[in-house]
Amino acid sequence: MARCHDTSLFPAQPPKQLLCPLDGLVLRDAVQATSCGHVFGMRCILDHLIDADDCPVCGAELDCGMLAPIQHVRDGVLATLTRCPEETCDWVGPLSALSS
């Protein structure tokens with residue numbers, strides 16, 4: 001499972017609500033902490049929970065069983081315009097086209 005998406009892939013600064021609070025990158029496989037509502041990239045929060053049992057934003061109790069996929073955020077990320085990661089390519093389109 002990969003960490004969040006590098007913001008350099010996006011021609012415009014992605015909206016703040018699409019950024020992971022742990023690494024500042026664009027969310028990948030967004031999940032919401034059911035104990036407090038904060039949203040994270042799946043890999044980022046799972047890595048945090050290896051050594052902790054709380055939300056890294058607010059300190060609320062948190063474990064792996066308290067994470068829920070948040071589809072509307074995942075859909076928003078996949079619809080965000082991105083550029084081709086290859087330097088010689090001028091393509092720009094939705095992230096979902098790169099992910100497929």
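This note walks through a few features of the structure above.

1. A word on the model: it is predicted, so to speak of local features a pLDDT of at least 70 is needed, side-chain atom pairs count only at pLDDT 80 or more, and totals for chains, interfaces and linings use all residues. Residues are numbered from 1 along each chain as its sequence is written, and side-chain values use heavy atoms, with hydrogens and water left out.

2. Start with His5, in the segment before strand 1 (30–33); helices (H or I, at least four residues) and strands (E, at least two) are DSSP runs, numbered from the N terminus. His5 has a relative accessible area of 8% and is buried (under 20%; exposed is over 50%, partly exposed in between, with a 1.4 Å probe and protein chains only).

3. Who surrounds His5? Leaving aside neighbours within four places in sequence, His5 is in contact with residues including Phe10, Leu25, Arg28, Val77 and Leu95 (contact means heavy atoms within 4.5 Å).

4. Val77 leads us to helix 2 (residues 71–79), whose buried residues are Val73, Arg74 and Val77. They lie on the same side of helix 2, because they cover an arc of only 100° around the axis (the arc of the directions from the helix axis to the C-beta atoms). On the other side of helix 2, His72 and Ala79 are exposed.

5. Now the strands: strand 1 pairs with strand 2 (residues 39–41) in the antiparallel sense over three bridges (pairing needs at least two DSSP bridges). Val31 has Phe40 in strand 2 as its bridge partner. Three bridges also join strand 1 to strand 3 (residues 67–69), again antiparallel, and there Gln32 has Ala68 as its bridge partner.
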